[in-house]
Amino acid sequence: MTKNLSKRQTEQTEGNDHDVIVIGGGVVGVCTAYYMQKAGINVTLLEQNRICSGSSWGNAGWLVPSHSVPLARPGAVTQGLKWMLNPESPFYIKPRLSLDLINWLLRFRRAANLSSLREVLGPLVELGEVSLQLYAELEKEETSLNSHYAQKGLIALYATTDWLKEGIEEANLLSEFGVHSQTLDTEQVLDMDPAVKPTIAGGVYYPDEAHVKPDDLVKGLASIINERGVKLHENTAVTGFNTSGGKIKSVLTTNGVFTADEVVLATGAWSPRVAQELKLDLPIQPAKGYSISFEDIANPPLFPLMLAESKVGVTPMGPVLRFAGTLELSGLNTDINDRRLGAIRRAGDKFLTTDITDASEVVWCGMRPLTPDSVPIIGRASQLDNLILATGHSMTGVTLGAVTGKLATQIVTGQRTAVDMSPFSPMRF
């Protein structure tokens, strides 16, 4: 917990009669606008396309502190080099000459060790657990929000005993930081979810996890805040900034100039591009993920499932069954790679009895903002006194959307923050 308030923060707690511009209409930006509005702040939200048109739309919708183990971990570099040779692998880096990518990979290699993992795992778990509680409160308070929220837990499935052993080791590591789990044999998995094939070796059940239909969450929350006075400007791309005296004076967009006392940058994978206009270098790589959403499925899984070997998440979300997975570093583009979609489908066939052969489907890809240490960037930018960065959430943007919005609001209003902010500081790079 933050113990002391600066003079600036003390002054801010005396009143919230200031304006904030939130840049970005995904889950982080909309949650930030929600908590800002609740705190009595005048909020304007700018989105370059439509609300929830980016990676917040088609992801797995998981609210999962159990997925706090960073991508940068022991063995990740060696495994990543092997996967680089396979375009269908769970983590694929498209070979290309890019100085930004090279620098990012060097930072990733430095972070991929046990000491660094243990240093960040506790703060990441705490961040996820606070966010999970905020989502539960949100569901109770906003009765009109139909996000298909459910807290049923999550089952990680393992096809082989070797993978199951690794899964148990990860669960034991997470338990040191307060994440509850239960190891399941094959029969126990099938008793819980008959849609799983009996060929699996076993699973690990994380009982506290929850999930939503992410587009319904974000769009529903956007509608609520719009009704309460938050000004939403869609199809409004940021083209530049006017700065003076270490502050942003105005934001230049395709739909005019906007001014406010504070600016929150929550543009996900596009954050480095926007930050360049402020001469800020954010070490974020756009990480493409894919999903396939099916409707009217017979025998869908009862629980969210992680198909461990393939790194594919399966989520029943209301009328939709979604398969989501893969991590592809191929630059900032939304080109569809059919081979990667095929890998997701084969993972479903390997683990599940669910028949998706004749189901209608929606194919999607989106860009996640991946930092080299897998830790989000949340806090004030050192170069600009009134800029708050809220980005770099990697594959946990939905999980951490609520807590990021809450923290950004606490920073603006000078309140004591819900967690220690130092692990997420923009100044760590």
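The tour goes from sheets to cysteines, then to aromatic rings and charges.

This is a predicted model, in which local features need pLDDT of at least 70 and side-chain atom pairs count only at pLDDT 80 or more, while totals for chains, interfaces and linings use all residues. Residues are numbered from 1 along each chain as its sequence is written, and side-chain values use heavy atoms, with hydrogens and water left out.

**Stop 1: the six-stranded sheet**

Select the strands in the order β9-β2-β1-β13-β20-β19, which form an open sheet with mixed pairing. Strands here are DSSP runs of E with at least two residues, helices are runs of H or I with at least four, and both are numbered from the N terminus; two strands pair if DSSP finds at least two bridges between them. At the edges you will find β9 (231–233) and β19 (377–380), and because each has a single partner strand, one side of each is left without a neighbour in the sheet. From one strand to the next the twist averages 15°, where axes are lines fitted to C-alpha atoms (for helices over the stretch in contact) and angles run from 0 to 180 degrees between N-to-C directions.

Now zoom in on β19 and β20 (residues 387–391), which run antiparallel and are joined by four bridges; I378 has A390 in β20 as its bridge partner. Contact means heavy atoms within 4.5 Å.

**Stop 2: the three-stranded sheet**

Next select β10-β11-β12, an open sheet of three strands in that order with antiparallel pairing. The edge strands are β10 (238–244) and β12 (256–258), each with a single partner strand, so one side of each has no neighbour in the sheet. The twist averages 25° from one strand to the next. Strand β11 (residues 247–253) is joined to β12 by three bridges, and T253 stands opposite G256 in β12.

**Stop 3**

How many disulfides does the model contain? The count is zero, a disulfide being a pair of cysteine sulfur atoms within 2.5 Å. Show C31, whose sulfur is 11 Å from the closest cysteine sulfur, in C52, and therefore too far away for a bond. C31 has a relative accessible area of 2% and is buried, as is C52 at 2% relative accessibility; buried means under 20% relative accessible area, exposed over 50% and partly exposed in between, with a 1.4 Å probe and protein chains only.

D215 is buried at 6% relative accessible area and touches C52, S56, W57 and G220, leaving aside residues up to four places away in sequence.

**Stop 4: rings and charges**

The whole structure holds five aromatic pairs. Rings of Phe, Tyr and Trp (its six-membered ring) pair if their centres lie within 6.5 Å, with planes under 30 degrees apart counted as stacked, over 60 as edge-to-face and the rest as tilted. Y34 and Y35 form an edge-to-face pair, 5.0 Å centre to centre with 80° between the planes, and both are buried.

Finally, select R322 and W57: the charged end of R322 sits over the ring of W57, 5.2 Å from its centre, which requires CZ of Arg or NZ of Lys within 6 Å of the ring centre and within 35 degrees of the ring normal.
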